[in-house]
Amino acid sequence: MPASPQSVRETLRCWFERHADDLFVFIHQRIGRADVSEDLVQETFVAAARWLEKGEPVETPMALLQTIARRRLVDYFRNERRRENAIAELNKVKHCEFSQSLNDPDLLRCDPEHLRSAIDRCVQQLSPTMRQVFRLRVIQQCEPKEVADLLDINQNSVAARLYRARMAVRDCLKRTFEDESPRSTTDNS
């Protein structure tokens, strides 16, 4: 039977007071970055709250918290590796160019700093709701259900808004880099 919100809050508060510092040390020893460790501690307690809401018994809270933290660490390292691989790929290219095929995985190759600032400008042009969905799904890599819960919308709306946001960002980037590319100066008159 699901636990009451009040009992979940109280249990979580108690666990946080008792175990947050130890959990921080546990994570920090593996990562070595205080800012990321703090974020992962928070994510661990959010996941623990979800566990408690199910009403499942927990005999040893620290064991549960460490198990959740390990999973968060795996996710962190997996995402970090993807990010590093993407940056390494982008660093190989010193200029921007578009492929004509939308199925080409190398649709856009660009200097990383130039690309990052172009993406930021394009994301800023999105409507607030599309920008939220884009940031949560693409940048923070939240699951669709998590985005839907955070924004209090259904998962189909998340998918539709994400699609529209991606298309808008793609079109914006295309315009940005087409404007920067040298144009033909031939005159047809």
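Helices in these legends are DSSP runs of at least four residues, numbered from the N terminus. The structure shown is a predicted model, and residue numbers start from 1 along the chain.

Figure 1. Ile31 lies in helix H1. The residue is buried because its relative accessible area is 18%, and buried means under 20%. Not counting residues up to four places away in sequence, Ile31 touches Val36, Ser37, Leu40, Leu73, Tyr76 and Phe77. Tyr76 stands 45 residues from Ile31 along the chain, yet the C-alpha atoms of the two are separated by 9.4 Å. Gly32, which follows H1, has a positive phi near 85°.

**Figure 2. The largest nonpolar core.** This core holds 23 residues, and the members that touch the most others are Leu12, Trp15, Leu23, Ile27, Ile31, Leu40 and Phe45. Two or more residues come from each of helix H1 (5-31), helix H2 (34-53) and helix H3 (61-91). A second, separate core has 19 residues, including Val147, Ala148, Val158 and Leu173. In soluble globular proteins, nonpolar side chains tend to be buried together.

**Figure 3. The kink in helix H1.** H1 is kinked by about 55°, with the kink centred on His19. A straight helix of 27 residues would span 39 Å at 1.5 Å a residue, whereas the end C-alpha atoms of H1 span only 32 Å. His19 itself counts as buried, since its relative accessibility is 14%. Beyond residues up to four places away in sequence, His19 touches Pro61, Met62 and Leu65. The buried residues of H1 are Val8, Leu12, Trp15, His19, Ala20, Leu23, Phe26, Ile27 and Ile31. An α-helix has 3.6 residues a turn, so residues three or four places apart point the same way.

**Figure 4. Phe45 and the aromatic pairs.** The structure holds two aromatic pairs. In one of them, the ring centres of Phe16 and Phe45 are 5.0 Å apart and the ring planes lie at 65°, so the pair is edge-to-face. This pair links distant parts of the chain, with Phe16 in helix H1 and Phe45 in helix H2, 29 residues apart. Phe16 counts as partly exposed at 45% relative accessibility, while Phe45 is buried, with a relative accessible area of 5%. The rings of Tyr76 and Phe77 also form an edge-to-face pair, because their centres are 5.3 Å apart and their planes are at 65°. Of these two residues, Tyr76 is buried at a relative accessible area of 15%, and Phe77 is partly exposed at 38%. Leaving aside residues up to four places away in sequence, Phe45 touches Leu12, Trp15, Phe16, Ala20, Leu23 and Leu65.

**Figure 5. Arg30 over the ring of Phe26.** The charged end of Arg30 sits over the ring of Phe26, at 3.9 Å from the ring centre. Phe26 is among the buried residues of H1.

**Figure 6. Helix H2 and Ser37.** The 20 residues of H2 reach 29 Å from the first C-alpha to the last, close to the 28 Å expected at 1.5 Å a residue. Its buried residues are Val36, Ser37, Leu40, Val41, Thr44, Phe45, Ala47, Ala48, Ala49 and Leu52. Ser37 has its place in helix H2 and counts as buried, at 0% relative accessibility. Not counting residues up to four places away in sequence, Ser37 touches Phe24, Ile27, His28 and Ile31. Just after H2, Gly55 takes a positive phi of about 85°.

**Figure 7. Helix H5.** Helix H5 covers residues 128-139, and its 12 residues should span 16 Å at 1.5 Å a residue. The end C-alpha atoms of H5 are 15 Å apart, which agrees with that expectation. Met130, Arg131, Val133, Phe134 and Leu136 are the buried residues of H5. Gln141, which follows H5, has a positive phi near 55°.

Technical notes: This is a predicted model: local features need pLDDT of at least 70, side-chain atom pairs count only at pLDDT 80 or more; totals for chains, interfaces and linings use all residues. Side-chain values use heavy atoms; hydrogens and water are left out. A nonpolar core is a set of buried Ala, Val, Leu, Ile, Met, Phe, Trp, Tyr and Cys residues joined through side-chain atoms within 4.5 Å. Buried means under 20% relative accessible area, exposed over 50%, partly exposed in between (1.4 Å probe, protein chains only). Contact means heavy atoms within 4.5 Å. The expected span of a helix is 1.5 Å times one less than its number of residues. The bend at a residue is the angle between axes fitted to the seven residues ending there and the seven starting there. Rings of Phe, Tyr and Trp (its six-membered ring) pair if their centres lie within 6.5 Å; planes under 30 degrees apart count as stacked, over 60 as edge-to-face and the rest as tilted. A charge sits over a ring if NZ of Lys or CZ of Arg is within 6 Å of the ring centre and within 35 degrees of the ring normal.
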